[in-house]
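Trainee: I would like to learn how to read the chains and their contacts. Can we go through them step by step?

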Amino acid sequence: MSLFKEFLKGIWEKNPVLVLSLGLCPTLATSGSMKNAVGMGLSVIAVLTFSNIIISLIKSFVPSKIRIPCYIIVIAFLVTVVDMLIAGFAPELSKAIGLFIKLIVVNCIILGRAEAFAAKNNPLRAALDGLGMGIGFLIAISIIATVREVLGANKWFGLTVVPGWDPIGIMILPAGALLTFGLVMAVRNVLAQRRAK
Amino acid sequence: MKTILHYGLVLLLIAGVAGVGLSLVDRITKGPISEAQSKRLEEGQKLAFPSASSFGELKKLETDGKTIEYYEVFDEGKNVIGYELLYSVGGYQSRIKVLTGIEPDGKVVAIRVLEQAETPGLGAEVDALPSSDTIFSAITGLFSKKEDKSEEVQIPWFQAQFSGKTPEELIVVKTKDQKHITALSGATITSTAVTKAVKEPIELFLKAKAEGQL
Amino acid sequence: MNLATAFLVIISVVLVNNFIFSRFLGYCPYIGVSTEKKSALGMGLAVIFVMTLASVVCWLVYHFFLYPSESNLFYKIFGNGQNVESFDLRYLMTLTFILVIAALVQFVEMVIQKIAPPLYAALGIYLPLITTNCAVLGVTILNIEGVTINGVQLGYGHPMSLLFGVLQGFGAGCGFLLALMLMAGIRERLALVEIPKPFRGMPIAFLTAALLAIAFMGFAGLVK
């Protein structure tokens, strides 16, 4: 597979959220506003890319029986670094989504890519895979956050969209997240079926 | 036996490298993290009592099984002109921590929500500034030259309502009225919680003060 | 913490702040194993067990190894009158907690297999899945961060934080089981229904969960 395709597959064909249904908790929890969603998306891109690179580098040196604990240590290390950087330089964001930044450790996208891809490929390919999957995650979470923030709070990145319109509050609440996610998945299914024909 | 030793060594090595790495990053970020926290508290202290010139040390007051943390507020001559009460309550989905500046008789000077992670767009609007920015104006603003806005601290409209109220007036109402606290639309629970975080410590504090517990 | 507060902690975490419907924790196993009631029950019970145990163990680890205080074991052994603050290892929290949970799950699996084979036959296959259940790591972190219920502050650093952790861990597990059983009951029936093609599988499961979440919104404000 060409390097470019390696990068591209995470965005549509194997989108981690919409197709593989991985990393659902952060997608649902932090998509209430674009600010939180983009913060989360960028953190995942950083962790995923670097974890893929490191795991690809150490793969020959880690015995296969204890690979999972080793990967978890690497991922937990990267997540803590990102968590501390956000707490230090973006305290507001840390307050809003801090718990979910810590929970990137158990985000199945990261461990899933480590196991399924990084452990079998060279660092360059692993990095591109991580970057592509991370961007796929960012795109998916941004779509959901856009729908929720515009419909639920009449805002986008905190800016009013239609002055004077009373928004549908439930879209911002957990129920709205689930509703939006189900509908976005269905829309993607329709598009994928059309393309297949 | 040999494999166990091998596995143990590999795990230990990776964990050791990770631990050392984290302690280095911790050294770098520790400063900014605590700075950001103390800066937020300092700004909050000034906003909750603008006429103050200095603040006392953090003190604790235990009463009715509840803990209130408070600061004494001084004027230039080191006279106590009021107090700032620090209190947390449970909101809709997070802990809300509020700093309330009061005069000695319990009248609110100003409040500042220090911590909250409520629902964006609903409860989190307790921190919303009175803003007329829309996407349209933001985009047109990119093309027209802006005059520099002065670095004036704005107070979120919801929090501004508390200024000058007595504890008895701190009641949440749904329709706008000057005498009470108008709830944020769609976020009654958060509005009630913030109001409780202001009212409850004032009442407990005044009672304890009257009984000479300070 | 008196009995009333303890009760409120449970109510809060089972109904009002249900991990699935209002905190968004533990979705991967929630969607994954909610297709039939039998496996939902097994998974739910395994989660209750691991969450309660993890709450205790992580609290102990935090108290004796990570938090800088007089009872920190590193301070006791290497302290020699040094500043307590220099034994602050809280930045290792995420790393140690996830390793503790992973080790705990492995250990529990081995013990159950030895002591109670029938139980292992029922729960065994769900245990490895729990390591990557973010609700378990989530509850241990939330136990440390704490909540405020009826003006009483709970969490690490406040009185009886271990008991609070156990209650919250147990309650969160029960809330998870409740959510899982409700969903499995509905999905068993959904399997028999003609659903529009694009909605088959995941999308309809999420729409169902959305309706359940709306129902759970009715509990909001029950505990302040």
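Mentor: Read the order of elements from the N terminus. In chain C the order is α-α-α-α-α-α-α-α-β-β-α-α. Keep in mind that this is a predicted model.

Trainee: How many helices and strands does chain C have?

Mentor: Ten helices and two strands.

Trainee: What box do the C-alpha atoms of chain C fill?

Mentor: Take the principal axes. Along them, the box is roughly 70 × 45 × 30 Å.

Trainee: What share of chain C counts as buried?

Mentor: Count neighbours around each residue. A residue is buried if 20 or more other C-beta atoms lie within 10 Å of its own. Chain C has 224 residues, and 46% of them count as buried. Then look at sequence separation. Take the contacts in chain C with a separation of 6 or more: 75% of these join residues 24 or more positions apart.

Trainee: Now the partners. How many residues do chain A and chain C bring to their contact?

Mentor: Chain A brings 32 residues and chain C brings 30. On the chain A side, helices H2, H4, H5, H6 and H8 of chain A each give two or more residues. H8(A) has the largest share, ten residues. By class, that side has 26 nonpolar, four polar and two charged residues.

Trainee: And which elements of chain B touch chain C?

Mentor: Begin with the counts: 15 residues of chain B are in contact with 14 of chain C. Helix H1, strand S3, strand S4 and helix H4 of chain B each supply at least two residues of the chain B side. H1(B) gives the largest share, four residues. By class, the chain B side has six nonpolar, five polar and four charged residues.

Methods. Residues numbered from 1 in each chain as written. Chains lettered and ligands numbered in written order. Predicted model: local features only at pLDDT ≥ 70, side-chain atom pairs only at ≥ 80, totals over all residues. Contact = placed C-beta atoms within 7 Å. Nonpolar A, V, L, I, M, F, W, Y, C, P; charged D, E, K, R; others polar. Buried ≥ 20, exposed ≤ 12 C-beta atoms within 10 Å, placed from the backbone.
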